[in-house]
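Please look through the sequence and the model below, and then follow the explanation from one part of the fold to another.

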Amino acid sequence: MTVPELFSLDENPDWPTQGTYEYADYYSSQKEVMSFDDFIRTSNVSEDYDYVIIGAGPIGAALAYKLARDHPDGRLLLIEKSWTEPDRIVGELMQPAGCQAMELLGLGNAFSGIGAVPVHGYHIAYNGRHLFVPYMMRPDGQGRFRGNSFHHGRLVMNIRAACKAQTNITCLEGSAVELVGETSKDGRLETVRGVRLGPSRSTDDNAADNGPIVYPRGLTFVCDGIMSQFRKHLHGAPVEPISHFCGLVLEHEPVATSKYFDGPTGATEHLAQVSENGIRVNPLPMPHNGNVLLDGVGPVLLYQMSECETRVLADIPGPLLPSEAGGHLRRVLRQSLEAAAPKGKFPGLHAQLMQALDDSRRIRCIGSRFIPATGKSAHGAVWLGDALNIRHPLTGGGMSVGLWDVVILTDLLASTTSITALSEDTRSLRRIKAQWHWRRRPRALVVNVLSVALHALFAANSQELGLLREACFDYLARGSHFTMEPSGFLSGLLPSPMLLLFHFFSVAFLAIRLRISGRSTAYTGGSLPVRIYTAFYTLYIAACVILPVMWSELQP
């Protein structure tokens, strides 16, 4: 099916993927990308760059584009190991706050032409019950906010295309080997003066030591993502994974309408039958929404990457991933998927999940970690996005946090008279970095803490956490602000840490009520004194879930 045909299926006239992308001609073009050898041969190493940006993922490329537009007389060097389309199993759903940031960065049209699908909210299934959590209403009353889901690599290529079109950006295919500067007596990097470059791939062991160094007149931005090799300058020892996401893809026919269901009945009836005549219909309980199934080993997240493809992310809790070599991983995944989407409730989805698992040659997995941000970094450099801090991908807030990092930082830098002079003015640069750190903190804290706390509840490995999960579902089902304010946290649109704390402990007190009254189905049994004791012990567990994470986010 062609893209125009897909567009015509949607009844919403302002679907974000309608229309053409102004930089579409640069999508796969490589003539604007300079190889490492050409970069050295044409003496570009000696050029005066105002900024060096390490990493052309969604955050680095968006930063480069915004800086190039804000400072047309400045020169930027954007370093990326590979300018081909990346292939990841996360970073495929952008919350409304991230879409807001894209608009502010001038990249709101980047969702066009890549088959992106609008996302209206979340459908949650738990213990035979269904709940729809829509996104918040717009302040102007013109409908609700909306997110987008897509192929990660296609969005990245669209943002990179915008960078290729800017004449003051040099797109280099190479690697940043080392941050060059001054170190303290204990070996900590204190000042970044330049970046040592190397080829993307090299068999020469000495290439890292012999590569050329680029000294920007202004700043160096580290945006090399979740596997950042320069995060070591901010944090010490590596962090163990909280869990692992295992990814599958379901291929199916598109939905014939953009209408999404606003109640639990539609979620149980829509396309819930086994596909007939070899036609795979869209198996999601609620298409054009994030779908979270909570009855598996860990939460199972499903969302569309296009009208014909759905991503399945099954969470396996714990720092160690079961071995695939002995078939243990597939057994755990099968057990989780069968429990999350039982055949009796979701026959169509169940059949496609089992088929996808059987057909997959290799299970793609990624570790989920939590690394808080720190305001202490070397002078002359700024870390952004996943290079700065990481949260659990369950809530899909990583790109929202990173893009708002870019929005806030570029706003602060736009108010300065000279980036070059700023890099030499230690006091002014420290003041701007401190302002940026404190302005980014509320949204980052809410998104990061929520991701870790929700994963702890949704992957409940104890009766107390199971009780909190049940209370969370009941709380969201109340409607009104009980639903919409948590939806604001999830979407990144309500960056209020104190309000998040209020709602989280409101859930904890609801759990106490469920336990003492004996109405809980997640934590049953016990006399009244036992129920009272375990109820308040659950409150202690709730505090242990959220307070340490929030405290780590509050550190300077």
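In the hairpin formed by S10 and S11, where five residues lie between the strands, Gly187 adopts a positive phi near 90°. This is a predicted model, in which local features need pLDDT of at least 70 and side-chain atom pairs count only at pLDDT 80 or more, while totals for chains, interfaces and linings use all residues. Residues are numbered from 1 along each chain as its sequence is written, and side-chain values use heavy atoms, with hydrogens and water left out.

Strand S10 (residues 175-183) pairs with S11 in the antiparallel sense over eight bridges, where two strands are said to pair if DSSP finds at least two bridges between them; strands (E, at least two residues) and helices (H or I, at least four) are DSSP runs, numbered from the N terminus. Within this pairing, Ser175 stands opposite Gly198 of S11. S11 also pairs with strand S12 (residues 213-214), again in the antiparallel sense, over two bridges, and here Val195 faces Val214 of S12. Strand S11 itself (residues 189-198) is mostly covered, with eight of its 10 residues buried, a term that means under 20% relative accessible area, computed with a 1.4 Å probe and protein chains only.

Among the helices, the axes of H8 (residues 328-340) and H9 (residues 347-359) come within 10 Å and cross at roughly 170°, the axes being lines fitted to C-alpha atoms over the stretch in contact, with angles that run from 0 to 180 degrees between N-to-C directions. H8 is therefore roughly antiparallel to H9, a description used for angles over 145 degrees. The contact, meaning heavy atoms within 4.5 Å, is made by Arg330, Leu333, Arg334, Leu337 and Glu338 of H8 together with His350, Leu353, Met354, Leu357 and Asp358 of H9.

A polar atom of the Ser552 side chain lies 2.7 Å from the backbone oxygen of Val549. When residues up to four places away in sequence are not counted, Ser552 touches Phe370 and Pro372.

For the protein as a whole, there are 16 helices and 19 strands, and 58% of the 556 residues count as buried. Of the contacts in the protein with a separation of 6 or more, 76% are accounted for by residues 24 or more positions apart.

Conventions: Buried means under 20% relative accessible area, exposed over 50%, partly exposed in between (1.4 Å probe, protein chains only). Angles under 35 degrees count as roughly parallel, over 145 as roughly antiparallel, 65 to 115 as roughly perpendicular and the rest as oblique. A polar contact is a pair of N or O atoms within 3.5 Å; within protein, one must be able to donate a hydrogen and the other to accept it, and residues adjacent in sequence count only if both atoms are side-chain atoms.
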